[in-house]
Amino acid sequence: MPPKPITPADAKKLVDAGALLVDVREVNEYTEENIPGARNEPLSRIAGREITGAPAVVFHCTSGARTRMNAAALARAADAEVYILDGGIEAWKAAGFPVQRG
C-alpha cells in the first residue's frame, strides 16, 4: 500500500502517539537541522533495510519531493502503517513545530 501524505499537524499527532519519525535526508543535512526525536535513515541507504518498532512510520525529507519520488521503496522499508510528511521539514517549521540546529 502506498504511503499516505499527511500534514505536519497530523504527523505530530501520530509521533506524539508513538509513531516513528524517519528523516530520509543525508547525514550532513540531518546534522545541520532536524526534527527532535527523528531517526536518520538516509534514502541512499534505505534499500534493503527494515524499519520496525512502531505502529506507524512517518517519513520526511526537506520539501517532500524525495519522499514522494521514493514512496514505493519507503513503503517496502517499513513493517507498519506508512505516511509521508507533506512538505517535509520545511512544512513542519512553517507550522511552528520545533527543529534542532547543529
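## Charges

Lys and Arg count as positive here and Asp and Glu as negative, while His and the chain ends are left out of the count. On that basis, the protein chain of this predicted model carries 12 positive and 13 negative side chains. The centres of the two sets lie 1 Å apart.

## Overall build

Let's walk along the chain. The protein chain has 5 helices and 7 strands, and they come in the order β-α-β-α-β-β-β-α-α-β-α-β.

How does the radius of gyration fit with a compact globule? For 102 residues, such a globule would have a value near 13 Å, and the protein chain has 12 Å, so the two agree. If you draw a box around the C-alpha atoms along the principal axes, you get roughly 30 × 25 × 25 Å.

## Inside and outside

Buried residues account for 44% of the 102 residues in the protein chain.

Take the contacts between residues at least 6 apart in sequence: 66% of them link residues at least 24 apart.

## A pair of rings

The structure has 1 aromatic pair. Its rings belong to Trp92 and Phe97, with centres 4.9 Å apart and planes at 50°. Planes under 30 degrees apart would count as stacked and over 60 as edge-to-face, so this pair is tilted. Both Trp92 and Phe97 are buried.

## Asp23, a residue on the inside

Have a look at Asp23, which sits in strand β2, residues 20-23. Is Asp23 buried or exposed? Its relative accessible area is 0%, and buried means under 20%, so Asp23 is buried.

What does Asp23 touch, once neighbours within four places in sequence are set aside? The contacts of Asp23 are Tyr30, Asn34, Ala38, Arg39, Asn40, Glu41, Pro42 and His60.

## Gly102, a residue on the outside

Now move to Gly102, in the segment after β7 (100-101). Gly102 has a relative accessible area of 88%, and exposed means over 50%, so Gly102 is exposed.

Even so, Gly102 has some contacts: not counting residues up to four places away in sequence, Gly102 touches Thr31, Glu32 and Glu33. How far is Gly102 from Glu90? The two are 12 residues apart in sequence, and 16 Å separates their C-alpha atoms in space.

Technical notes. Residues are numbered from 1 along each chain as its sequence is written. This is a predicted model: local features need pLDDT of at least 70, side-chain atom pairs count only at pLDDT 80 or more; totals for chains, interfaces and linings use all residues. Side-chain values use heavy atoms; hydrogens and water are left out. Helices (H or I, at least four residues) and strands (E, at least two) are DSSP runs, numbered from the N terminus. The radius of gyration is taken over C-alpha atoms; the globule rule is 2.2 Å times the number of residues to the power 0.38. Buried means under 20% relative accessible area, exposed over 50%, partly exposed in between (1.4 Å probe, protein chains only). Contact means heavy atoms within 4.5 Å. The place of a charge is taken as NZ of Lys, CZ of Arg, CG of Asp or CD of Glu. Rings of Phe, Tyr and Trp (its six-membered ring) pair if their centres lie within 6.5 Å; planes under 30 degrees apart count as stacked, over 60 as edge-to-face and the rest as tilted.
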